[in-house]
Amino acid sequence: MTESNRTRANGPALEKMYQFMLWLVPTVDKMPRSQKFTLGDRIQNTALDALENLIEATYSKSAESQLRQVNLSLEKLRFFFRMAADLRFIDLGRYEHASRVINEVGQSVGGWMKAQRA
């Protein structure tokens, strides 16, 4: 299945978050050992929570609760990545990439929530 077909089947937010996870796992592995198991794990678990909630929202008739949880997870990720960059656990390029993807997922989730209300 091509990426565009997966996006159509799963929705843009879910596919974007999945692709982000594929990037995130090796990125966390590159963090200093002292932080890999604290801030790195927190980042990874929060992102996995967001992915899980997007999967649940995809298969729910009323997805609003899960989408609110996704928004909360995305906000946490913004702060965790900012902290990782400020402490120099990740470089500026990785921080910019993470910020861009988190914002894209957030915009997709916002549109999804708006469509649910209509």
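This is a predicted model: local features need pLDDT of at least 70, side-chain atom pairs count only at pLDDT 80 or more; totals for chains, interfaces and linings use all residues.

Q: What are the spans of helix 4 and helix 6?
A: Helix 4 has 20 residues and reaches 29 Å from its first C-alpha to its last, close to the expected 28 Å. Helix 6 covers residues 92-117, which is 26 residues. Helix 6 reaches 37 Å, close to the expected 38 Å.

Q: Is Gln66 buried or exposed?
A: Start with the cut-offs. Buried means under 20% relative accessible area, exposed means over 50%, and partly exposed lies in between (1.4 Å probe, protein chains only). Gln66 is in helix 5. Its relative accessible area is 15%, so Gln66 is buried.

Q: Which residues does Gln66 contact?
A: Contact means heavy atoms within 4.5 Å. Set aside neighbours within four places in sequence. Gln66 is then in contact with Asn53, Glu56, Ala57 and Ser60.

Q: Where is Gln44, and why does it count as buried?
A: Gln44 lies in helix 4. It counts as buried because its relative accessibility is 19%. Not counting residues up to four places away in sequence, Gln44 touches Met21, Leu24, Val25 and Val28.

Q: Why does Met83 count as partly exposed?
A: Met83 is placed in helix 5. It is partly exposed because its relative accessible area is 43%. Met83 also shows how sequence and space can be read together. Met83 and Glu64 are 19 residues apart in sequence and 29 Å apart in space, C-alpha to C-alpha.

Q: Is Arg33 buried or exposed?
A: Arg33 lies in helix 3, residues 33-36. At 64% relative accessibility, Arg33 counts as exposed. Arg33 and Gly106 are 73 residues apart along the chain, and their C-alpha atoms are separated by 30 Å.

Q: What do the buried residues of helix 5 pack against?
A: They pack against helix 2, helix 4 and helix 6. Among the buried residues of helix 5 are Leu67, Val70, Leu74 and Phe80.

Q: What covers the buried residues of helix 6 and helix 4?
A: For helix 6, the cover includes helix 2 (12-29), helix 4 (39-58) and helix 5 (64-86). The buried residues of helix 6 are Ala98, Val101, Ile102, Val105, Gly106, Val109 and Met113. For helix 4, the cover includes helix 2, helix 3, helix 5 and helix 6. Buried residues in helix 4 include Leu39, Ala47 and Leu54.

Q: What is the phi of Arg88?
A: Most residues other than glycine have a negative phi. Arg88 is not a glycine, yet it has a positive phi of about 65°. Arg88 lies in the loop between helix 5 and helix 6. At 71% relative accessibility, Arg88 counts as exposed.

Q: How many cavities of 30 Å³ or more does a search find?
A: Rolling a probe the size of a water molecule over the atoms shows where empty space is left. On a 1 Å grid over the protein atoms alone, a cavity is a set of points where a 1.4 Å probe fits but cannot get out. Points are joined across faces, edges and corners, and the volume is the space filled by probe spheres set on the points. A search of the whole structure finds one cavity of 30 Å³ or more. The largest cavity has a volume of about 30 Å³.

Q: Which residues line the largest cavity?
A: Lining residues have an atom within 4 Å of a point. Here they are Leu24, Thr27, Val28, Met31, Ile43, Phe81, Ala84 and Ile90. The largest share, three residues, comes from helix 2.

Note on methods: Residues are numbered from 1 along each chain as its sequence is written. Side-chain values use heavy atoms; hydrogens and water are left out. Helices (H or I, at least four residues) and strands (E, at least two) are DSSP runs, numbered from the N terminus. The expected span of a helix is 1.5 Å times one less than its number of residues. On a 1 Å grid over the protein atoms alone, a cavity is a set of points where a 1.4 Å probe fits but cannot get out, and a pocket is an open set with protein on both sides within 12 Å along at least five of seven lines; lining residues have an atom within 4 Å of a point.
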